[in-house]
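Let's take a friendly walk through this model, from its loops to its pocket. Have the sequence and the 3D view ready.

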Amino acid sequence: MAYTAMSGSGTTSGDDPLQTAVWRLRSRACWADAAALLDAATPDASLQRAALLVERCLYTEQGWQEAEDALRTAEALAQSDDERGAAACERGQLAYAATLLGVRDRADEARAALGRAAALIPPGASGRAVLDFRRGLLAENLARSPQAARAAYRRAHAGATAHADPLLLSFTWRHLAGLALRDGELAEARHGFAESLRIREELGYLVGTAPALASLADAESEPEASRLRAEAGRLFRLLGGVPTWLARQLAPPAASA
């Protein structure tokens with residue numbers, strides 16, 4: 001089974017010690033150090049290494065060439081449809097991140113890569129849940145189609161539940177809650193954001209905890225909202241300003257004239 005970037009491998013005591021070490025570094029925003037632990041000579045390890053470096057791009061807006069090089073290696077080593085599909089899924093995520101963060105418009109490449117992944121990853125496979133989630137991201141943030149995004153996130157949520165992937169569940173809870181908040185469904189939004197935060201805290205996913213706190217703050221009233229934002233800001237500074245895009249969400253509102 002090809003590695004998927006959203007998997008929580010390394011988060012439990014029975015996991016392989018290497019995966020535990022990789023997870024601890026990844027969860028603390030040390031993606032390059034985590035990638036350095038992996039032998040990129042095998043398809044699974046090269047895919048995992050590429051996924052880590054792609055994730056670093058999305059969180060730091062840096063390291064694009066390293067991610068591209070790692071992804072080319074993973075694509076070259078992929079042998080099965082599952083491995084080729086996982087590599088295409090990472091290709092789509094890298095192109096999506098570059099487009100979302102304004103590095104370069106690669107939206108067409110993102111759609112084509114995720115479409116290629118959909119043709120290679122069979123329905124019901126664990127990698128399909130990650131793919132569905134990423135197609136939801138494209139629908140929400142590039143196509144501006146919340147209905148299509150919600151459908152994709154729900155498929156991903158069901159897949160993550162079926163394959164016991166709590167980290168992916170933390171993402172689907174958060175993004176479904178974001179759509180609920182947009183629709184004014186405060187109770188549903190609070191529940192989803194709280195579930196996302198709970199899972200990330202349980203997993204020790206430190207780099208994802210500050211965004212979860214900030215999202216929950218958006219659905220809460222004062223003084224709880226300010227407390228949550230302050231805690232998110234503390235973690236954000238602790239990690240050296242990662243994820244970079246969270247700075248905008250944590251910025252205090254402009255003073256009125």
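## Backbone angles in two loops

A164 sits in the loop between helix 8 (146-162) and helix 9; helices here are DSSP runs of H or I with at least four residues, numbered from the N terminus. Phi of A164 is near 50°, a positive value in a residue other than glycine. A164 is also exposed, with a relative accessible area of 63%; exposed means over 50%, buried under 20%, and partly exposed in between, using a 1.4 Å probe and protein chains only.

A29 has a positive phi too, near 70°, and is likewise not a glycine. Look for A29 in the loop between helix 1 (17-27) and helix 2 (31-36).

## About the model

This is a predicted model, in which local features need pLDDT of at least 70 and side-chain atom pairs count only at pLDDT 80 or more, while totals for chains, interfaces and linings use all residues. Residues are numbered from 1 along each chain as its sequence is written, and side-chain values use heavy atoms, leaving out hydrogens and water.

## Two cis peptide bonds

Most residues other than glycine have a negative phi, and most peptide bonds are trans. The bond from E222 to P223 is cis, with omega near 5°, and P223 belongs to the loop between helix 11 and helix 12 (224-238). The bond from V242 to P243 is cis as well, with omega near -5°; P243 is in the loop between helix 12 and helix 13.

Leaving aside neighbours within four places in sequence, the contacts of R200 (heavy atoms within 4.5 Å) include S170, F171, R174 and Y205.

## The largest pocket

A pocket is an open set of points on a 1 Å grid over the protein atoms alone, where a 1.4 Å probe fits, with protein on both sides within 12 Å along at least five of seven lines; lining residues have an atom within 4 Å of a point. The largest pocket is lined by 31 residues, with Y96, N141, R174, H175 and W245 nearest its centre. Helix 9 gives the most to this lining, with six residues.
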